[in-house]
Amino acid sequence: MTVDEGIDITVNKDRGVLKRIIKEGEGTNTPHKGSEVTVHYTGTLLDGSKFDSSKDRNEPFSFTLGKGRVIRGWDIGVATMKKGEVCVLTCAPEYAYGANGSPPKIPPNSTLQFEVEMIDWELDDLSPGKTKDILRENIEAGEAGSESPKTDAVVTVELEGRLQDGKVFDNRTVTFTLGEGSEANICEGIEKALLKFTKGEKSKLIIQPKFAFKSDGDSKLGVPSDAIVEYVVKLVSFENAKEAWSMEPEEKLEQARIAKDRGTEFFKASKYELAINKYKRVVNLIKDENSEEQPEIKDLLLKAYLNLALVYSKVDPPQLYHAVTNASNALELDPNNVKGLFRRGQALLQKGDAGEAMADFQKVVEIEPGNKAAANHIIMCRNAIRNQQQLEKQLYRNMFEKFANVDKQMEKLRAQEQVDVIGEKVGEWGKGEGEWTDEQRDRKPTEFEKENPNILLLDKDGRFENM
C-alpha cells in the first residue's frame, strides 16, 4: 500500500488521514465520542518497519474515543469503524507525532500506517458518577463545532420511546425548557443526556429506572414500574438562555423576577426540585450586583435565599446542609430576619444541633416576644438537649461499668497466678473461687511448716494467721 491509497476522512479534506478498508464490519453503527473502544493494531513506518503491535503482545488496546488520549489520526479514523471492521489508517505527521516524532522508534515528521481491527466498544456513559444509568449510542452526528444546550435552554426534540419488548409508548416532537422537562413528561435521563448533545445529533439512549420513570412507572404512557426504557432522540434546535455576564443590570433584574415567580409556582405545586432550580437562577443572576445600592436586588436575593432554605428542608430526603447554608446567606443580608433565623433553627434542630438551633429561636423571641412557634421550638430544643445528655450519661455509665468489669476480671486473672510457698493457689482466688477445698482443709503440715511454725499464711478469709 502506498502513502496515497485510501479515502480522505479528515474534516478539512487535507489528506491527513486516509482510510482503506480491508474487512467490512457489522451493521451500520460506529462508536461515538466518549465511547470506550477496544482495538487490535499494528503500527509501521512507510518503509514497512514495525514499531508497535498489540497483537504481538496479545493484549487488545482500549481508550476513550475523542478525548485526546491517542493521536489525532486515531480519534478521527477509529470513529468511522464498525464492529469487526479491519482497516489501514495512514496518518500524516500533523495527525500523528508531528515534527518531534517519538524517539527512538518513530523519527521526526513521520507518516505512519496502522492496521486497526475494531473489536468492540462500550456506549457513552452520560450518567452522573458514570454508573451506566444513561447510555448513549450515536446514530447521526450533530453539527461539527456546535455547542451543547445548557440548563434553561429552550429545546425542540424529536423522540421515540420504547420498552425493552419493543412496544412504543411515546412518539412526538416537543419543545420545552431544559430543567423543566417533567412539565412535558420528559424523564430526567433525557434532560441529562441533552446537555451532551449537539444540534442535529440523533442518538439512542438506554435509561435505567432511576433516571426514567422510577418505581412509579407512568400509567398514561403505559410504562410499568422499574422499567428500563430506550429512546431515540434528535436535538432539532435549541436556544440557550443568556448568561448573566452578557446581560445589562435591568435585564438581569427582570429575568430574576421571572425566575422567582416561576419558582414560587413550582413550590406551590410541590415540585420542589424545579423550584430549587429557579431560585438558584435568581441567585446566579444577581448575586454579584450591588444590593446595597439597589433595594429591589437585595429584596429578590433575600427572598431567593429564604425560599431555598425552605425548599431544601422539604425535599425527600431533606438537604439540611443546603437549608442551613441558604438561611445563613439570607442572614448575612439581614441579620435580624425572623424567617431566616427560624428556618435555620429548624434545619439545625433536624440535623441534631439543638444548642445552635436554640440560639436562633431565642433570637427570634427577642425580636418578636409573642412568637409562639419560636417559643415552642425552644422547648423542643431543651428537651432534645436533655435527652442527649441522658443518652451520653447512660453511654458513659455503661462504658465505665464495662471497664470496671474488665479490670475486675484482669485482677482475678493476675491473682490466680500467685502461688504460696507450698505451691498452691491461695486466699479467695484459690480453688473453689474463695472457698477452701476439703483437700486443703484436711491436709497435714509439711516438714517445712513444722520446722518453721512462725511463717504467716493466709487463712480462708484472706487474713494472716500464725501457723
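This is a predicted model: local features need pLDDT of at least 70, side-chain atom pairs count only at pLDDT 80 or more; totals for chains, interfaces and linings use all residues.
Local features need pLDDT of at least 70 and side-chain atom pairs count only at pLDDT 80 or more, while totals for chains, interfaces and linings use all residues. Residues are numbered from 1 along each chain as its sequence is written, and side-chain values use heavy atoms, leaving out hydrogens and water.

Let's start with the whole chain. It holds 12 helices and 15 strands, taken as DSSP runs (helices are H or I, at least four residues; strands are E, at least two) and numbered from the N terminus. Of its 467 residues, 40% are buried, meaning under 20% relative accessible area with a 1.4 Å probe, protein chains only.

Now to the helix pairs. Axes are lines fitted to C-alpha atoms over the stretch in contact, with angles from 0 to 180 degrees between N-to-C directions.

| Pair | Angle | Axis distance |
|---|---|---|
| H4 (residues 249–268) and H6 (residues 295–312) | about 25 degrees | 11 Å |
| H5 (residues 272–286) and H6 | about 150 degrees | 9 Å |

The angle makes H5 roughly antiparallel to H6 (over 145 degrees; under 35 counts as roughly parallel). The H5 side of this contact (heavy atoms within 4.5 Å) includes Tyr272, Ile276 and Lys280, and the H6 side includes Leu301, Ala304 and Asn307. These contact residues divide into 14 nonpolar, one polar and one charged.

On the H4 side, Leu253, Ala256, Arg257, Lys260 and Phe267 meet H6 residues, among them Glu296, Lys303 and Leu310.

Conventions
Buried means under 20% relative accessible area, exposed over 50%, partly exposed in between (1.4 Å probe, protein chains only). Angles under 35 degrees count as roughly parallel, over 145 as roughly antiparallel, 65 to 115 as roughly perpendicular and the rest as oblique. Ala, Val, Leu, Ile, Met, Phe, Trp, Tyr, Cys and Pro count as nonpolar, Asp, Glu, Lys and Arg as charged, and the others, Gly among them, as polar.
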